[in-house]
Amino acid sequence: MPALLELQRAVYRGLVAREDGDAARHIRGDGLAAAARLNIYRNTLFGSLTNALRLSYPAVHRLVGADYFEAAAQTFIESELPRSAYLDAYGAGFADFLVRLPSAASLPYLPDVARLEWAVSRALHAPDVEPLDLRRLADLAPVDQGHIRFVPNPSVRLIRSSYPADSIWHAVLAQDDAALAAIDFANAPRWLLVERLSTGVNVKRLTEPAWCYTTELCAGQTLQAAIDAVADVDASALLAEHLAAGRFIAFTIAKPAAAAQSSESAR
Amino acid sequence: MTAKSMARRSDGWTRRNSIPAQAGIGLRFQHHQAVLDVRPDMAWLEVHTENYMGGGTPLAYLDSIRRDYPIALHGVGLSLGSAEALDVDHLERIRQVVERFDPGLVSEHLSWSVVNGVYIADLLPLPMTEEALDVVCRHVEQTQTYLRRGILIENPSSYLQYRHSTIPEWEFITAIAARTGCGILCDINNIYVSSCNHGWNASAYLAALPIEAIGEIHLAGHTVHQLENGFTLRIDDHGARVAADVWTLYEEALARFGPRPTLIEWDNNVPPLEVLLDEAAHAKALLQRTGTREHARAA
(Lines give C-alpha, C1' and ligand atoms only; values in the text may rest on other atoms or scores of the structure.)
Protein backbone atom coordinates (compact mmCIF):
# COMPACT_ATOMS: atom_id res chain seq x y z
CA MET A 1 0.00 0.00 0.00
CA PRO A 2 1.56 3.33 -1.04
CA ALA A 3 1.94 6.10 1.50
CA LEU A 4 -0.26 9.11 0.72
CA LEU A 5 2.68 11.27 -0.37
CA GLU A 6 4.02 8.52 -2.63
CA LEU A 7 0.57 8.11 -4.23
CA GLN A 8 0.14 11.86 -4.74
CA ARG A 9 3.56 12.12 -6.39
CA ALA A 10 2.63 9.22 -8.69
CA VAL A 11 -0.65 10.91 -9.66
CA TYR A 12 1.27 14.13 -10.32
CA ARG A 13 3.67 12.29 -12.66
CA GLY A 14 0.69 10.65 -14.35
CA LEU A 15 -1.27 13.84 -14.90
CA VAL A 16 1.51 16.31 -15.72
CA ALA A 17 4.34 14.22 -17.20
CA ARG A 18 1.88 11.67 -18.65
CA GLU A 19 3.69 8.77 -16.99
CA ASP A 20 0.57 6.93 -15.88
CA GLY A 21 2.14 3.65 -14.80
CA ASP A 22 2.86 4.25 -11.09
CA ALA A 23 -0.52 5.85 -10.43
CA ALA A 24 -2.50 3.39 -12.56
CA ARG A 25 -1.28 0.43 -10.47
CA HIS A 26 -3.22 1.81 -7.51
CA ILE A 27 -6.47 2.57 -9.37
CA ARG A 28 -9.35 0.14 -9.78
CA GLY A 29 -10.47 -0.66 -13.32
CA ASP A 30 -14.14 -1.55 -12.77
CA GLY A 31 -15.15 -1.28 -16.43
CA LEU A 32 -12.96 1.69 -17.36
CA ALA A 33 -9.16 1.62 -17.64
CA ALA A 34 -7.16 3.52 -15.05
CA ALA A 35 -5.52 5.57 -17.82
CA ALA A 36 -8.94 6.72 -19.06
CA ARG A 37 -9.94 7.67 -15.52
CA LEU A 38 -6.76 9.69 -15.01
CA ASN A 39 -7.36 11.38 -18.35
CA ILE A 40 -10.63 12.89 -17.06
CA TYR A 41 -8.67 14.69 -14.35
CA ARG A 42 -5.90 15.63 -16.79
CA ASN A 43 -8.45 17.27 -19.11
CA THR A 44 -9.85 19.35 -16.25
CA LEU A 45 -6.36 20.32 -15.08
CA PHE A 46 -5.15 21.50 -18.49
CA GLY A 47 -8.54 23.01 -19.36
CA SER A 48 -8.69 25.13 -16.19
CA LEU A 49 -5.14 26.40 -16.50
CA THR A 50 -5.47 27.13 -20.22
CA ASN A 51 -8.57 29.13 -19.38
CA ALA A 52 -6.70 31.03 -16.67
CA LEU A 53 -3.97 31.92 -19.20
CA ARG A 54 -6.56 32.95 -21.80
CA LEU A 55 -8.14 35.33 -19.26
CA SER A 56 -4.76 36.93 -18.49
CA TYR A 57 -3.54 37.03 -22.11
CA PRO A 58 -6.59 37.81 -24.31
CA ALA A 59 -4.62 39.79 -26.94
CA VAL A 60 -1.98 37.05 -27.30
CA HIS A 61 -4.87 34.59 -27.67
CA ARG A 62 -6.36 36.64 -30.52
CA LEU A 63 -3.00 37.28 -32.19
CA VAL A 64 -2.05 33.58 -32.43
CA GLY A 65 -5.52 32.03 -32.68
CA ALA A 66 -7.27 29.55 -30.38
CA ASP A 67 -5.57 26.35 -31.63
CA TYR A 68 -2.03 27.72 -31.43
CA PHE A 69 -2.73 29.28 -28.04
CA GLU A 70 -4.05 26.00 -26.65
CA ALA A 71 -1.01 24.07 -27.87
CA ALA A 72 1.40 26.71 -26.51
CA ALA A 73 -0.48 26.81 -23.20
CA GLN A 74 -0.24 23.04 -22.86
CA THR A 75 3.56 23.12 -23.24
CA PHE A 76 3.81 26.08 -20.87
CA ILE A 77 1.62 24.36 -18.22
CA GLU A 78 3.81 21.25 -18.34
CA SER A 79 6.85 23.41 -17.58
CA GLU A 80 5.27 25.82 -15.08
CA LEU A 81 2.38 24.85 -12.82
CA PRO A 82 0.78 27.34 -10.41
CA ARG A 83 2.16 27.59 -6.88
CA SER A 84 -1.34 27.98 -5.45
CA ALA A 85 -5.04 28.08 -6.30
CA TYR A 86 -4.90 31.87 -6.49
CA LEU A 87 -4.90 31.59 -10.29
CA ASP A 88 -4.96 35.35 -10.93
CA ALA A 89 -1.27 35.15 -9.97
CA TYR A 90 -0.55 32.30 -12.41
CA GLY A 91 1.25 32.79 -15.72
CA ALA A 92 4.05 35.26 -14.88
CA GLY A 93 6.51 33.32 -17.02
CA PHE A 94 4.36 33.12 -20.16
CA ALA A 95 6.08 36.04 -21.95
CA ASP A 96 9.55 34.53 -21.41
CA PHE A 97 8.18 31.17 -22.56
CA LEU A 98 6.96 32.80 -25.81
CA VAL A 99 10.48 34.21 -26.40
CA ARG A 100 11.82 30.64 -26.33
CA LEU A 101 9.05 29.22 -28.52
CA PRO A 102 10.58 28.81 -32.02
CA SER A 103 7.23 28.82 -33.82
CA ALA A 104 6.36 32.23 -32.32
CA ALA A 105 9.44 33.89 -33.87
CA SER A 106 7.38 35.24 -36.78
CA LEU A 107 5.62 37.54 -34.30
CA PRO A 108 8.64 39.17 -32.62
CA TYR A 109 6.44 41.64 -30.70
CA LEU A 110 4.36 38.81 -29.15
CA PRO A 111 6.39 38.53 -25.87
CA ASP A 112 6.15 42.30 -25.34
CA VAL A 113 2.37 42.23 -25.81
CA ALA A 114 2.31 39.36 -23.30
CA ARG A 115 4.41 41.41 -20.83
CA LEU A 116 2.00 44.31 -21.16
CA GLU A 117 -0.98 41.98 -20.63
CA TRP A 118 0.65 40.52 -17.52
CA ALA A 119 1.18 44.04 -16.14
CA VAL A 120 -2.47 44.85 -16.89
CA SER A 121 -3.61 41.63 -15.22
CA ARG A 122 -1.52 42.27 -12.09
CA ALA A 123 -2.80 45.87 -11.96
CA LEU A 124 -6.39 44.60 -12.18
CA HIS A 125 -5.91 42.31 -9.17
CA ALA A 126 -3.46 44.38 -7.10
CA PRO A 127 -4.44 44.96 -3.46
CA ASP A 128 -6.74 47.88 -2.68
CA VAL A 129 -4.67 50.65 -1.06
CA GLU A 130 -5.03 54.24 0.10
CA PRO A 131 -2.84 56.79 -1.72
CA LEU A 132 -0.20 58.68 0.24
CA ASP A 133 -1.60 61.46 2.41
CA LEU A 134 0.19 64.45 0.89
CA ARG A 135 0.06 66.42 4.16
CA ARG A 136 2.75 64.03 5.41
CA LEU A 137 5.11 65.37 2.76
CA ALA A 138 4.26 68.98 3.57
CA ASP A 139 5.33 68.39 7.19
CA LEU A 140 8.82 67.28 6.17
CA ALA A 141 11.85 69.38 6.95
CA PRO A 142 13.48 70.60 3.70
CA VAL A 143 16.70 68.82 4.65
CA ASP A 144 14.90 65.46 4.58
CA GLN A 145 13.25 65.86 1.19
CA GLY A 146 16.12 64.48 -0.88
CA HIS A 147 16.20 61.38 1.33
CA ILE A 148 12.63 60.31 0.66
CA ARG A 149 12.15 56.76 -0.57
CA PHE A 150 8.62 56.20 -1.92
CA VAL A 151 6.59 52.99 -1.69
CA PRO A 152 4.81 52.56 -5.03
CA ASN A 153 1.14 51.72 -5.39
CA PRO A 154 1.12 47.91 -5.96
CA SER A 155 -0.92 48.35 -9.15
CA VAL A 156 1.84 50.41 -10.82
CA ARG A 157 3.96 48.51 -13.36
CA LEU A 158 6.59 49.93 -15.73
CA ILE A 159 7.06 48.22 -19.09
CA ARG A 160 9.60 48.97 -21.82
CA SER A 161 9.01 47.59 -25.30
CA SER A 162 11.01 47.71 -28.53
CA TYR A 163 7.64 47.56 -30.30
CA PRO A 164 4.45 49.63 -30.10
CA ALA A 165 3.04 47.02 -27.72
CA ASP A 166 0.29 49.30 -26.40
CA SER A 167 -1.01 50.15 -29.89
CA ILE A 168 -1.03 46.48 -30.88
CA TRP A 169 -2.77 45.51 -27.64
CA HIS A 170 -5.45 48.20 -28.04
CA ALA A 171 -6.14 47.40 -31.68
CA VAL A 172 -6.29 43.64 -31.13
CA LEU A 173 -8.67 43.82 -28.17
CA ALA A 174 -10.86 46.33 -30.02
CA GLN A 175 -10.74 44.02 -33.08
CA ASP A 176 -9.87 47.16 -35.04
CA ASP A 177 -8.18 45.80 -38.18
CA ALA A 178 -7.75 49.28 -39.67
CA ALA A 179 -5.86 50.48 -36.58
CA LEU A 180 -3.78 47.32 -36.54
CA ALA A 181 -2.85 47.75 -40.21
CA ALA A 182 -1.84 51.37 -39.59
CA ILE A 183 0.69 50.55 -36.84
CA ASP A 184 4.32 51.19 -37.75
CA PHE A 185 5.93 48.15 -36.16
CA ALA A 186 9.47 49.36 -36.70
CA ASN A 187 11.14 52.20 -34.84
CA ALA A 188 8.40 52.72 -32.30
CA PRO A 189 9.80 51.77 -28.90
CA ARG A 190 7.48 52.47 -25.99
CA TRP A 191 8.01 53.35 -22.34
CA LEU A 192 4.77 52.53 -20.55
CA LEU A 193 3.27 52.95 -17.10
CA VAL A 194 0.38 50.62 -16.19
CA GLU A 195 -1.84 51.42 -13.21
CA ARG A 196 -5.33 50.78 -11.86
CA LEU A 197 -7.47 53.86 -11.44
CA SER A 198 -10.98 53.97 -10.00
CA THR A 199 -12.21 53.91 -13.61
CA GLY A 200 -10.16 50.86 -14.64
CA VAL A 201 -6.66 50.00 -15.79
CA ASN A 202 -4.77 52.80 -17.51
CA VAL A 203 -1.82 52.26 -19.88
CA LYS A 204 0.08 55.53 -20.13
CA ARG A 205 2.97 56.42 -22.46
CA LEU A 206 5.98 58.14 -20.90
CA THR A 207 9.11 59.64 -22.45
CA GLU A 208 12.25 57.56 -21.97
CA PRO A 209 13.71 59.92 -19.31
CA ALA A 210 10.39 60.13 -17.45
CA TRP A 211 10.13 56.32 -17.52
CA CYS A 212 13.70 55.95 -16.19
CA TYR A 213 13.13 58.49 -13.42
CA THR A 214 9.83 56.83 -12.41
CA THR A 215 11.47 53.41 -12.48
CA GLU A 216 14.21 54.66 -10.11
CA LEU A 217 11.59 56.03 -7.72
CA CYS A 218 9.48 52.86 -7.82
CA ALA A 219 12.60 50.74 -7.21
CA GLY A 220 13.08 52.55 -3.89
CA GLN A 221 15.88 54.94 -4.82
CA THR A 222 15.89 58.17 -2.83
CA LEU A 223 14.39 61.21 -4.50
CA GLN A 224 17.83 62.80 -4.86
CA ALA A 225 19.38 59.62 -6.30
CA ALA A 226 16.57 59.36 -8.87
CA ILE A 227 17.05 62.99 -9.89
CA ASP A 228 20.81 62.47 -10.19
CA ALA A 229 20.40 59.29 -12.24
CA VAL A 230 18.32 60.78 -15.04
CA ALA A 231 18.98 63.84 -17.18
CA ASP A 232 16.49 65.73 -19.31
CA VAL A 233 13.47 65.30 -17.09
CA ASP A 234 11.30 67.85 -15.27
CA ALA A 235 11.55 65.89 -12.02
CA SER A 236 9.37 68.10 -9.83
CA ALA A 237 6.51 68.29 -12.37
CA LEU A 238 6.61 64.53 -12.86
CA LEU A 239 6.69 63.85 -9.13
CA ALA A 240 3.72 66.16 -8.61
CA GLU A 241 1.81 64.25 -11.28
CA HIS A 242 2.66 60.86 -9.70
CA LEU A 243 1.58 62.08 -6.26
CA ALA A 244 -1.68 63.53 -7.58
CA ALA A 245 -2.42 60.26 -9.38
CA GLY A 246 -1.88 58.23 -6.19
CA ARG A 247 1.09 56.29 -7.57
CA PHE A 248 2.79 56.26 -4.18
CA ILE A 249 1.21 55.01 -0.96
CA ALA A 250 3.91 55.64 1.65
CA PHE A 251 7.48 56.82 2.11
CA THR A 252 10.46 56.44 4.39
CA ILE A 253 13.29 58.85 5.08
CA ALA A 254 16.72 57.42 4.43
CA LYS A 255 18.78 59.26 7.02
CA PRO A 256 22.31 60.22 6.01
CA ALA A 257 24.67 57.52 7.26
CA ALA A 258 26.18 59.77 9.93
CA ALA A 259 22.79 60.72 11.38
CA ALA A 260 21.07 57.40 11.92
CA GLN A 261 21.09 53.71 11.00
CA SER A 262 17.35 53.31 10.86
CA SER A 263 14.75 55.07 8.82
CA GLU A 264 11.34 56.27 9.86
CA SER A 265 8.23 55.56 7.92
CA ALA A 266 4.94 57.32 7.38
CA ARG A 267 1.75 56.54 5.60
CA MET B 1 -15.69 15.64 19.59
CA THR B 2 -13.21 17.40 21.86
CA ALA B 3 -14.20 20.04 24.39
CA LYS B 4 -12.21 22.55 22.37
CA SER B 5 -14.13 21.97 19.17
CA MET B 6 -17.45 22.02 21.06
CA ALA B 7 -16.57 25.45 22.38
CA ARG B 8 -15.63 26.64 18.91
CA ARG B 9 -18.87 25.40 17.47
CA SER B 10 -21.09 27.00 20.07
CA ASP B 11 -19.58 30.43 20.29
CA GLY B 12 -18.14 30.79 16.81
CA TRP B 13 -19.76 28.91 14.01
CA THR B 14 -23.42 28.68 15.06
CA ARG B 15 -23.84 32.24 16.19
CA ARG B 16 -22.17 33.73 13.13
CA ASN B 17 -24.14 31.55 10.73
CA SER B 18 -26.34 34.11 9.02
CA ILE B 19 -27.12 31.81 6.09
CA PRO B 20 -30.81 30.85 6.37
CA ALA B 21 -32.14 27.36 5.59
CA GLN B 22 -33.37 28.67 2.25
CA ALA B 23 -32.34 28.57 -1.40
CA GLY B 24 -29.35 30.55 -2.70
CA ILE B 25 -27.31 30.74 -5.88
CA GLY B 26 -23.62 30.63 -6.71
CA LEU B 27 -22.60 34.16 -7.74
CA ARG B 28 -20.28 34.34 -10.76
CA PHE B 29 -18.62 37.42 -12.32
CA GLN B 30 -21.09 37.39 -15.23
CA HIS B 31 -23.89 38.24 -12.79
CA HIS B 32 -22.25 40.88 -10.59
CA GLN B 33 -23.94 43.79 -12.35
CA ALA B 34 -27.25 41.96 -12.87
CA VAL B 35 -27.52 41.21 -9.14
CA LEU B 36 -26.91 44.87 -8.27
CA ASP B 37 -29.38 46.04 -10.92
CA VAL B 38 -32.17 43.51 -10.32
CA ARG B 39 -31.68 42.85 -6.56
CA PRO B 40 -33.28 39.41 -6.97
CA ASP B 41 -35.40 38.02 -4.16
CA MET B 42 -32.73 35.57 -3.03
CA ALA B 43 -32.02 34.48 0.56
CA TRP B 44 -28.22 34.27 0.18
CA LEU B 45 -25.34 33.96 -2.28
CA GLU B 46 -22.16 31.92 -2.39
CA VAL B 47 -18.86 32.77 -4.12
CA HIS B 48 -15.59 30.97 -4.75
CA THR B 49 -13.08 32.23 -2.19
CA GLU B 50 -10.22 32.21 -4.72
CA ASN B 51 -12.06 34.66 -7.00
CA TYR B 52 -11.95 37.42 -4.38
CA MET B 53 -8.29 37.40 -3.39
CA GLY B 54 -6.10 40.47 -4.03
CA GLY B 55 -8.09 43.63 -4.78
CA GLY B 56 -9.88 45.45 -7.57
CA THR B 57 -13.28 45.33 -9.24
CA PRO B 58 -14.53 41.86 -8.17
CA LEU B 59 -14.03 42.75 -4.50
CA ALA B 60 -15.69 46.15 -4.96
CA TYR B 61 -18.73 44.38 -6.48
CA LEU B 62 -18.87 41.90 -3.62
CA ASP B 63 -18.60 44.74 -1.07
CA SER B 64 -21.76 46.26 -2.59
CA ILE B 65 -23.63 42.97 -2.92
CA ARG B 66 -22.67 41.96 0.63
CA ARG B 67 -24.65 44.90 2.02
CA ASP B 68 -27.89 43.25 0.88
CA TYR B 69 -27.17 39.51 0.94
CA PRO B 70 -25.60 37.03 3.36
CA ILE B 71 -22.53 35.54 1.67
CA ALA B 72 -21.01 32.05 1.97
CA LEU B 73 -17.42 31.38 0.88
CA HIS B 74 -16.64 28.16 -0.98
CA GLY B 75 -12.93 27.44 -1.45
CA VAL B 76 -11.52 25.20 -4.15
CA GLY B 77 -7.79 25.32 -3.43
CA LEU B 78 -6.79 24.73 0.19
CA SER B 79 -6.06 21.06 -0.56
CA LEU B 80 -7.00 19.63 2.84
CA GLY B 81 -6.01 16.16 1.64
CA SER B 82 -2.38 16.92 0.72
CA ALA B 83 0.18 14.72 2.46
CA GLU B 84 2.48 17.74 2.61
CA ALA B 85 1.85 20.73 4.89
CA LEU B 86 -0.98 23.17 4.15
CA ASP B 87 0.09 26.25 2.16
CA VAL B 88 -0.03 28.86 4.94
CA ASP B 89 0.16 31.71 2.41
CA HIS B 90 -3.04 30.43 0.83
CA LEU B 91 -4.63 29.99 4.24
CA GLU B 92 -3.75 33.61 5.01
CA ARG B 93 -5.32 34.78 1.73
CA ILE B 94 -8.49 32.89 2.70
CA ARG B 95 -8.41 34.55 6.13
CA GLN B 96 -8.25 37.97 4.49
CA VAL B 97 -11.30 37.21 2.31
CA VAL B 98 -13.14 35.93 5.40
CA GLU B 99 -12.24 39.07 7.32
CA ARG B 100 -13.38 41.41 4.55
CA PHE B 101 -16.72 39.76 3.76
CA ASP B 102 -17.72 38.21 7.12
CA PRO B 103 -19.32 35.15 5.50
CA GLY B 104 -22.06 33.10 7.14
CA LEU B 105 -20.41 29.84 6.07
CA VAL B 106 -16.92 28.86 4.92
CA SER B 107 -16.40 25.59 3.08
CA GLU B 108 -13.66 23.53 1.43
CA HIS B 109 -13.51 20.17 -0.35
CA LEU B 110 -12.67 16.64 0.72
CA SER B 111 -9.93 16.30 -1.92
CA TRP B 112 -6.33 17.22 -2.68
CA SER B 113 -4.74 19.49 -5.32
CA VAL B 114 -1.23 20.28 -4.08
CA VAL B 115 1.89 18.10 -4.25
CA ASN B 116 5.58 19.05 -4.50
CA GLY B 117 4.48 22.63 -3.77
CA VAL B 118 2.52 22.99 -7.01
CA TYR B 119 -1.21 23.31 -7.51
CA ILE B 120 -2.78 20.69 -9.80
CA ALA B 121 -5.90 22.60 -10.75
CA ASP B 122 -8.53 19.97 -10.00
CA LEU B 123 -10.22 18.39 -6.99
CA LEU B 124 -8.38 15.06 -6.90
CA PRO B 125 -9.77 12.08 -4.99
CA LEU B 126 -8.14 10.75 -1.84
CA PRO B 127 -7.54 7.13 -1.00
CA MET B 128 -10.00 6.32 1.78
CA THR B 129 -7.39 5.17 4.28
CA GLU B 130 -6.62 5.80 7.97
CA GLU B 131 -3.54 7.77 6.94
CA ALA B 132 -5.55 10.09 4.65
CA LEU B 133 -8.20 10.50 7.37
CA ASP B 134 -5.50 11.61 9.84
CA VAL B 135 -4.08 14.08 7.29
CA VAL B 136 -7.46 15.65 6.49
CA CYS B 137 -8.44 15.91 10.17
CA ARG B 138 -5.12 17.57 11.02
CA HIS B 139 -5.57 20.10 8.20
CA VAL B 140 -9.22 20.80 9.09
CA GLU B 141 -8.17 21.46 12.70
CA GLN B 142 -5.36 23.75 11.53
CA THR B 143 -7.75 25.67 9.25
CA GLN B 144 -10.44 26.07 11.90
CA THR B 145 -7.87 27.26 14.45
CA TYR B 146 -6.31 29.72 11.99
CA LEU B 147 -9.66 31.12 10.80
CA ARG B 148 -11.06 30.95 14.36
CA ARG B 149 -14.28 29.42 13.09
CA GLY B 150 -15.75 26.11 12.01
CA ILE B 151 -15.74 25.12 8.36
CA LEU B 152 -17.81 22.76 6.22
CA ILE B 153 -16.27 19.97 4.15
CA GLU B 154 -17.87 19.01 0.84
CA ASN B 155 -18.06 15.45 -0.46
CA PRO B 156 -16.48 15.32 -3.96
CA SER B 157 -17.62 13.80 -7.22
CA SER B 158 -15.09 11.28 -8.43
CA TYR B 159 -14.12 9.21 -11.45
CA LEU B 160 -11.74 6.72 -9.88
CA GLN B 161 -11.25 4.64 -6.73
CA TYR B 162 -7.97 3.40 -5.29
CA ARG B 163 -7.36 -0.29 -4.73
CA HIS B 164 -6.09 0.27 -1.19
CA SER B 165 -9.10 2.29 0.07
CA THR B 166 -10.60 0.67 3.16
CA ILE B 167 -13.22 3.18 4.38
CA PRO B 168 -16.46 4.02 2.51
CA GLU B 169 -16.58 7.73 1.63
CA TRP B 170 -19.69 8.36 3.78
CA GLU B 171 -17.92 6.90 6.82
CA PHE B 172 -14.77 8.87 6.01
CA ILE B 173 -16.53 12.26 5.91
CA THR B 174 -18.62 11.38 8.98
CA ALA B 175 -15.41 10.59 10.87
CA ILE B 176 -13.90 13.97 9.89
CA ALA B 177 -16.96 15.79 11.25
CA ALA B 178 -16.88 13.75 14.46
CA ARG B 179 -13.16 14.22 15.06
CA THR B 180 -12.79 17.91 14.14
CA GLY B 181 -16.23 19.38 14.88
CA CYS B 182 -16.48 20.64 11.29
CA GLY B 183 -19.77 20.48 9.42
CA ILE B 184 -20.60 18.71 6.18
CA LEU B 185 -21.52 20.43 2.94
CA CYS B 186 -23.63 17.70 1.40
CA ASP B 187 -23.42 17.95 -2.40
CA ILE B 188 -26.39 15.91 -3.64
CA ASN B 189 -25.22 15.99 -7.27
CA ASN B 190 -21.78 14.71 -6.23
CA ILE B 191 -23.31 11.85 -4.25
CA TYR B 192 -25.41 10.98 -7.28
CA VAL B 193 -22.52 11.24 -9.79
CA SER B 194 -20.07 9.25 -7.65
CA SER B 195 -22.70 6.63 -6.78
CA CYS B 196 -23.52 6.08 -10.46
CA ASN B 197 -19.84 6.01 -11.45
CA HIS B 198 -18.81 3.58 -8.71
CA GLY B 199 -21.96 1.51 -8.22
CA TRP B 200 -22.74 2.87 -4.74
CA ASN B 201 -26.25 3.21 -3.33
CA ALA B 202 -26.93 6.98 -3.18
CA SER B 203 -29.81 6.63 -0.71
CA ALA B 204 -27.66 4.54 1.63
CA TYR B 205 -24.91 7.20 1.37
CA LEU B 206 -27.39 9.88 2.47
CA ALA B 207 -28.78 7.68 5.24
CA ALA B 208 -25.27 7.20 6.67
CA LEU B 209 -24.53 10.91 7.11
CA PRO B 210 -24.92 12.50 10.57
CA ILE B 211 -27.99 14.79 10.47
CA GLU B 212 -26.66 17.38 12.93
CA ALA B 213 -23.44 17.93 10.94
CA ILE B 214 -25.16 18.91 7.67
CA GLY B 215 -24.62 22.67 7.37
CA GLU B 216 -25.37 23.20 3.70
CA ILE B 217 -26.56 21.41 0.57
CA HIS B 218 -25.29 21.87 -3.02
CA LEU B 219 -27.20 21.13 -6.22
CA ALA B 220 -25.77 21.31 -9.75
CA GLY B 221 -26.01 19.80 -13.21
CA HIS B 222 -23.83 17.06 -14.68
CA THR B 223 -23.37 15.37 -18.06
CA VAL B 224 -23.78 11.71 -19.01
CA HIS B 225 -21.23 10.12 -21.34
CA GLN B 226 -21.85 6.75 -23.04
CA LEU B 227 -18.36 5.40 -23.69
CA GLU B 228 -17.51 3.11 -26.61
CA ASN B 229 -17.07 0.08 -24.37
CA GLY B 230 -20.63 0.51 -23.08
CA PHE B 231 -19.55 2.14 -19.81
CA THR B 232 -21.70 5.06 -18.64
CA LEU B 233 -19.74 7.86 -17.01
CA ARG B 234 -21.26 10.89 -15.32
CA ILE B 235 -19.17 14.05 -15.16
CA ASP B 236 -19.89 16.79 -12.66
CA ASP B 237 -19.38 19.80 -14.93
CA HIS B 238 -21.83 22.29 -13.36
CA GLY B 239 -22.95 23.18 -16.86
CA ALA B 240 -26.66 22.33 -16.95
CA ARG B 241 -29.88 22.31 -14.93
CA VAL B 242 -30.12 19.94 -11.98
CA ALA B 243 -31.05 16.43 -13.21
CA ALA B 244 -34.45 14.95 -12.29
CA ASP B 245 -32.85 12.08 -10.33
CA VAL B 246 -30.82 14.61 -8.33
CA TRP B 247 -33.97 16.55 -7.42
CA THR B 248 -35.48 13.28 -6.20
CA LEU B 249 -32.39 12.56 -4.11
CA TYR B 250 -32.59 16.14 -2.76
CA GLU B 251 -36.16 15.44 -1.55
CA GLU B 252 -34.84 12.36 0.24
CA ALA B 253 -32.12 14.50 1.82
CA LEU B 254 -34.62 17.12 3.01
CA ALA B 255 -36.87 14.40 4.45
CA ARG B 256 -33.89 13.11 6.45
CA PHE B 257 -32.04 16.33 7.36
CA GLY B 258 -34.89 18.86 7.47
CA PRO B 259 -34.51 22.24 5.72
CA ARG B 260 -30.87 23.25 5.11
CA PRO B 261 -29.28 26.18 3.21
CA THR B 262 -29.38 24.96 -0.39
CA LEU B 263 -27.25 26.31 -3.22
CA ILE B 264 -27.62 26.12 -6.99
CA GLU B 265 -24.14 25.97 -8.60
CA TRP B 266 -23.43 26.67 -12.27
CA ASP B 267 -19.86 27.20 -13.53
CA ASN B 268 -19.67 26.28 -17.23
CA ASN B 269 -21.77 27.90 -19.95
CA VAL B 270 -23.23 30.12 -17.25
CA PRO B 271 -26.82 31.01 -18.27
CA PRO B 272 -28.68 34.29 -17.65
CA LEU B 273 -29.43 35.03 -13.99
CA GLU B 274 -33.13 34.17 -14.52
CA VAL B 275 -32.28 30.51 -15.19
CA LEU B 276 -30.41 30.26 -11.88
CA LEU B 277 -33.28 31.98 -10.08
CA ASP B 278 -35.69 29.51 -11.66
CA GLU B 279 -33.64 26.55 -10.38
CA ALA B 280 -33.47 28.17 -6.96
CA ALA B 281 -37.25 28.67 -6.99
CA HIS B 282 -37.67 24.92 -7.42
CA ALA B 283 -35.38 24.27 -4.45
CA LYS B 284 -37.31 26.89 -2.47
CA ALA B 285 -40.63 25.12 -3.13
CA LEU B 286 -39.21 21.79 -1.93
CA LEU B 287 -37.68 23.46 1.13
CA GLN B 288 -41.00 25.09 2.03
CA ARG B 289 -42.84 21.80 1.69
CA THR B 290 -40.30 20.20 4.06
CA GLY B 291 -40.61 23.09 6.51
CA THR B 292 -44.40 22.79 6.55
CA ARG B 293 -44.19 19.05 7.12
CA GLU B 294 -41.74 19.51 9.99
CA HIS B 295 -44.00 22.15 11.49
CA ALA B 296 -46.99 19.81 11.28
CA ARG B 297 -44.97 17.01 12.88
CA ALA B 298 -43.89 19.29 15.72
CA ALA B 299 -47.51 20.39 16.32
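What percentage of the 267 residues of chain A count as buried? The share is 37%, where a buried residue has 20 or more other C-beta atoms, placed from the backbone, within 10 Å of its own. The model is predicted, so local features need pLDDT of at least 70 and side-chain atom pairs count only at pLDDT 80 or more, while totals for chains, interfaces and linings use all residues. Residues are numbered from 1 along each chain as its sequence is written, and chains are lettered from A and ligands numbered from 1 in the order in which they are written.

Chain A has 14 helices and six strands; these are DSSP runs, helices being H or I of at least four residues and strands E of at least two, numbered from the N terminus. The C-alpha trace of chain A spans about 80 × 50 × 30 Å along its principal axes.

The domain assignment divides chain A into domain 1 (1-107) and domain 2 (119-267), with bounds from an automatic or database assignment. Their centres, taken over C-alpha atoms, are separated by 35 Å. Six residues of domain 1 and five residues of domain 2 of chain A form the contact, which requires C-beta atoms, placed from the backbone, within 7 Å. On the domain 1 side, helix α4 (residues 58-64) of chain A gives the most, with four residues.

Conventions
Two residues are in contact if their C-beta atoms, placed from the backbone, lie within 7 Å. A residue is buried if 20 or more other C-beta atoms lie within 10 Å of its own, exposed if 12 or fewer, and partly exposed in between; C-beta atoms are placed from the backbone.
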